[in-house]
Amino acid sequence: MLISSVGVTAGIWGIGELKWLQLGELSIYDQMLRSRPREPIDHRILLVTITQDDLDKETWPLSDQTMNKLLQKIQSYQPRIIGLNIYRHQQKNLAANLNQKDHIIGTCLLSNIGRSEVDPPENFPMENIGFNDIVTDNAVDQVIRRGLLFSDLTNQDIRCQTQLSFGTLLAINYLEKQGIQASFTENQQFKIGETIFPRLDENAGSYQDMDANGYQILLNYRHPDQLFLQVTLTEVLNDKVNPRWIQDRLVIVGTTVPHIHPGYYTPYSHLSNHPIRTHRVFIHAQIASQIISAVLDGRNLISYWPEWAELLLIWICALIGSILAWQWRHPIIIFMEAFILLGLIGIASGLYLQGIWIPLLTPSLALFMSSFAIIGYNNYQSQKQNEVILKQVEKQEEAIAQLSSLLIEATQLPSDFNNFGVPEISSIADNKLLGNGRFKIYQSLAAGGFGCTYLATDTQKNGNPICVVKQLMPARTDTKFLQVARRLFNTEAEILALLGKHPQIPQLFAYFEEDNEFYLVQEYIQGNSLSEELPPNTVVKSEAYVIKMLQEVLELLVFTHNHKVIHRDIKPSNIMRSTENNCLFLIDFGAVKLMQPQVNEKTEIATVAIGTKGYSPPEQFAGHPRLSSDIYALGMIAIQALTGVFPSEIQVNTTTGNLNWRHLTKMSDKLGEIIDKMTSYHFSDRYQSASAVIQDLKLLVTSY
């Protein structure tokens, strides 16, 4: 018999304060317990239940005569251990007529708030007594999930002076009869044979600050449908029991009558075909069976990760959620996280089958809450960014209006002042340094009416990366014009700096003014322009190519238009395909070109219209570009790709102003309708958003 001096402490009445998260984790634990494969019945244990039908023939509490007759009947079949999970006050003559009582285990009940102590039988030695008390999760849901094996008694005035629980004492005695001894390891862990039963700590599994006093373990329940062999009191008294069910078995006697004790909630209480409450005799039988099966069969004990490992899992899930939200920035990550969660559930289920309990709810919440936090942060930053861009767009429009006014006023000035011809642009010498020596020019790329474009190296960055320098030259150098041009340049540069955060819009590295000339320095995109892919440089494109091209550029327009920015010069040469990732980039936003306005050859009056003939719609050339103007220009690129005809050569319906192009190529009517709507003459007849075009293209693709 084991009565250890192990340093376990008193306090066996439930757990401390738990948060609602822990209740969720414990509920997941219950669900996993219920969903395990069912194990075979434990034939080592026989339950003799005292039912209501039995009490209809007997009085309660059972008389000494009835109890002794029951014990004599059971003993005649030579059981290994008999456990009496019933108690009565003043139990003086229990088993008085039996010759051998050392294999009979009785019980007593410790005192508790609102409940008095129940004494052990007077004629039983204390080493054959186990306390009948059970630990419930009182502060949460009163479910029995833990088994109390030992208690350290500090009160010497009570009669229930036992350290061992009833179920534990049954298992120890049963195994001792087989020559397997119980002991404690050097670090005071309970051990039977070679099997160690790790002691539960206060933060075990999903518990937090639990009252872990005494020696507790997690209960590894057997399914109630595959539990133990059972007979009734009447069947035993009338010799209607198979002797083989008792011989060399552990026999436990207990009541199942609700009015004697209502029983306890267990993880199986929510099963529709199972009683809501489980009686005390079944709980102790589960404890005894768990100990015996772990020692003899190697049945898994339920263990749990250390707290640091659980925290690491939570942090990993939070990190995964954050990375997904930061990289994707799209609601689709919720579906990705759902798959990750299913994987986590699968891993947890697999570990649980091996007896390892890991938290699920807190890592899942960390996964989703971290992604929601990042999405919320991104939305907040995007909103702030939009506010900044809107202010810059307002300044831009104001500067454009002032430029327009200055150009109109200029027509009244002397003829030598009103000269808007293209100024002579001197080429910047190779190896010249700009931007306070930061950017070193080494190659000229292009020259136009509004300035020149160069390749340069950034001497202040590691590796001296290549960048593009755009030299923008205002048409006039008088103070008033330069002030407006400077304001337009600065606002446009600030807009480009924000738009450049999109991975498919060149990043703005710097902008500055030197000698009344303005410079933009942007990321260099290695690749070729879309004009090199389209006819007449190549053959006409397939419908699939055009749809893919439209979808990719439209996604970029969604981004820019959401910021209320109009590109103003969508054309093939301003769409680059990167050789690094084959993605399309949108380059060369056009508002700063207004510093070098176009000249009407007939009237010699400059205008603030920006765009390229054939690609830009009528309202843009009238100086009133809209978001749908960019959609029109992209539609013209699609027509060029499908027909091989330049947009400026497409015939126009003189009545409606719309284009006559459908006869030049073969394609689906639906795609033709989409492009027709993109390129309608009047802006009110066009798509009003790039998102609407994308939606129609998706419907078209799914209909194939």
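**View 1. Leu148 and its bridge partner in strand S9.** The bridge partner of Leu148 in S9 is Gln216. The model is predicted, with residues numbered from 1 along each chain as its sequence is written, local features needing pLDDT of at least 70, side-chain atom pairs counting only at pLDDT 80 or more, and totals for chains, interfaces and linings using all residues. Side-chain values use heavy atoms, leaving out hydrogens and water. Strand S5 (residues 146-150) and strand S9 (residues 215-218) run antiparallel and are joined by four bridges; two strands pair if DSSP finds at least two bridges between them. Strands (E, at least two residues) and helices (H or I, at least four) are DSSP runs, numbered from the N terminus.

View 2. Because five of its five residues are buried, S5 is largely enclosed by the rest of the structure. Buried means under 20% relative accessible area, exposed over 50%, and partly exposed in between (1.4 Å probe, protein chains only).

**View 3. A nonpolar surface patch.** Trp308, Leu312, Ile316, Ile320 and Ile340 make a nonpolar patch of about 460 Å². Patch residues have over 30% relative accessible area and no salt bridge, with nonpolar side chains joined within 5 Å and like charges within 9 Å. A salt bridge is a side-chain nitrogen of Lys or Arg within 4 Å of a carboxyl oxygen of Asp or Glu. Helix H7 (residues 307-328) gives the largest share of this patch, four residues. Ile316 lies in H7 and counts as partly exposed because its relative accessibility is 39%.

**View 4. A negative surface patch.** Asp201, Glu202, Asp209 and Glu307 form a patch of negative charge. Glu307 belongs to helix H7 and, at 44% relative accessibility, counts as partly exposed.

Note on methods: Accessible areas come from the Shrake-Rupley method with a 1.4 Å probe; for residues, only the protein chains shown count as cover. Lys and Arg count as positive and Asp and Glu as negative; His and the chain ends are not counted. The place of a charge is taken as NZ of Lys, CZ of Arg, CG of Asp or CD of Glu.
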